[in-house]
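Start with the view below.

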Amino acid sequence: MPKNSKVTQREHSSEHVTESVADLLAHQEPVDYKRSVLNVTGGEAWDKQKEGEEDLDAERPAWNSKLQYILAQIGYSVGLGNVWRFPYLCQKNGGGAYLVPYLVLLIIIGLPLFFLELAVGQRIRRGSIGVWNYICPRLGGIGYASCLVCFFVGLYYNVIIGWSIFYFFKSFQYPLPWSECPLVKNGSVAIVETECERSSATTYFWYRETLDISNSISESGGLNWKMTLCLLVAWSLVGLAMIKGIQSSGKVMYFSSLFPYLVLVCFLVRGLLLRGAVDGIMHMFTPKLDKMLDPQVWREAATQVFFALGLGFGGVIAFSSYNKQDNNCHFDATLVSFINFFTSVLATLVVFAVLGFKANIMNEKCVVENAEKILGYLNTNVLSHDLIPPHVNFSHLTAKDYNEMYRVIMTVKEGHFKELGLDACLLEDELNKSVQGTGLAFITFTEAMTHFPASPFWSVMFFLMLINLGLGSMIGTMSGITTPIIDTFKVRKEVFTVGCCIFAFLVGLIFVQRSGNYFVTMFDDYSATLPLTVVVILENIAVAWIYGTKKFMQELTEMLGFRPYQFYYYTWKYVSPICMAVLMTASIIQLGVSPPGYSAWIREEAAEKFLFYPAWAMAILISLIILASLPLPLVFILRQFHLVSDGSNALSVTYKKGRMMKDISNLEDNDETRFILSKVPSETPSPMPTHRSYLGPGSNSPLEMSSAPNGRYGSGYLLASTPESEL
């Protein structure tokens, strides 16, 4: 229909129309069709109302620059897992061979799903709740499930930031407080603390001075006041970063996203100069190719890809919802995904350089201790001096000389060798010791740094990096909660953010009691893995199968200005859902085969011991999984059987700056496939709000527009992009 054609509106008595809507339409003043969002479609493509979009975009907060947005996404996706979990998985699953399955799965699962979340967030310009309500109201529970998972993860993730804050302030001492075991007085004699002597100085400082940990999850032991204060500081930092929205958090990202890279590069340069660092690097890049055939390696690689990019949390959608509609989110997805991979490899190089240095230190210590044992056996004639090669000098004993002695003694004393209690002291054994999670950061790294020159400086830098990495991820996690809730329920941002942080701090006190570390392990292992997998599968199905991959590709073509590669069509349609379903099945099988448990620190034994969760802890564990997944079936049932209204019978109309906006995000079940979005009435509409049109079902439409010149009838008013905060 020509833009200057005259439009008449008639009311139909056969269809009930909400009175307020009908009155508003009947008394609507003539409008300028070139400047109004009220327009008529007659089969022709609707011209984008660029000026209108700019006005509406101004109503929603936006990133100050593209760089700020990219840094925010990088800060969110690059977190503590890149520093301690990826290196551990690389060490455990075949060194360089692990990089192959990880990179393959990043390309066929991570990148497509990351691109999908960026695209729907940018196009619909709402948080996770609003996005999935738009696309498929029956699957609106996806957004609520994402918020719950973000809440669970944020609870324990901020505790880790609190630990880093504690170590950060303890680092301003020389020597570092974890460099030596403390002395205790036994009468007039000072002796080394037994627990520390039987473990190590860094292990003792972690379990006793920092956590003051109990022997099991059943022993609460009361609050650890030092960790309680650190948790309060951590939540205060997160609240301050979030209180003014993305304008303030975006500025924070300039420092929090870039500073870790500076520290990692400094550590890499320093690490490569350390004695034995090359051994660690060589160990990393020596591939164990047989590991690539192990399904467990692929499952763990898929899980790491899944969590590394923050898929399903809602933070990716929240950040992208503040973008302009024409932003090239495909470029953003590719850039952030591979920066994330590069960061993991960089952190792994740093970790293996440090581990190589530490392995050499521990190996030398092992050689010295066992050489003293051999000297004792020689002096007591348990061993003959003839067993010692003539070139061996005990005052300057090398690892090579010790290994030669060890093999000779083992051969000659084969029947009684075990009684001697000698260790092989092989460097390879030290390098193969798997250290993951908190153990890597708070035990292994801290121990290595005690041997660094100017160790307090490196310790301050390291823990400041951990704090920054944690805060970057926490801002994204909190955005996954605050953005959809504020958009959906129109609460005040400042009040909700402060209230959320206070409530999370109070609930988080469970993690700062003496048994709190065991609850951190429980939440980390079980509160997010399975629910998030289900969430991402349903996200993929909602876009690729319910809405339709072809229509989604068309919307992307219109939004981006070019058509995405067919690669994404096949990955969204087939590859990603199948891979995610296999991952979910493997996770369920793993949960059933391996009874849930945790590593407890036994004070009397000064060692870790694997314990199974008691019945009450199993009930909490199962409740976490059920609670995080509950919104998915609950919302589906409520909307499937019309037990709650989704707004289809009360179309809200608002006037703003001379424009009329109508919220049709939720429609009757029999109208869903026709009313979500379209440019052409005969086509199945799209859920993207830029071209959201209310198309009456034929003669039953409450409004009838004049026919186009080609004789095709279409009714409806096309709406400009309307952020949820305006509806």
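Which helix gives the most to the nonpolar patch? The answer is α24, with four residues. This is a predicted model: local features need pLDDT of at least 70, side-chain atom pairs count only at pLDDT 80 or more, and totals for chains, interfaces and linings use all residues. Residues are numbered from 1 along each chain as its sequence is written, and side-chain values use heavy atoms, without hydrogens and water.

The patch lies on the surface and consists of Trp545, Ile546, Tyr570, Tyr574, Ile578 and Val582. Together they have about 640 Å² of accessible area (Shrake-Rupley method, 1.4 Å probe, only the protein chains shown counting as cover for residues). Patch residues have over 30% relative accessible area and no salt bridge; nonpolar side chains (Val, Leu, Ile, Met, Phe, Trp, Tyr) are joined within 5 Å, like charges within 9 Å. A salt bridge is a side-chain nitrogen of Lys or Arg within 4 Å of a carboxyl oxygen of Asp or Glu. Both α23 (529–560) and α24 (566–593) supply at least two patch residues each. Helices are DSSP runs of H or I, at least four residues long; strands are runs of E, at least two; numbering starts at the N terminus.

Isoleucine 578 lies in α24. It counts as exposed because its relative accessibility is 54% (exposed is over 50%, buried under 20%, partly exposed in between; 1.4 Å probe, protein chains only).

Now turn to strand β4 (residues 597–602). Five of its six residues are buried, so the rest of the structure largely encloses it. β4 pairs with β5 (residues 607–612) in the antiparallel sense, over six bridges (pairing takes at least two DSSP bridges). Tyrosine 598 stands opposite leucine 611 in β5.
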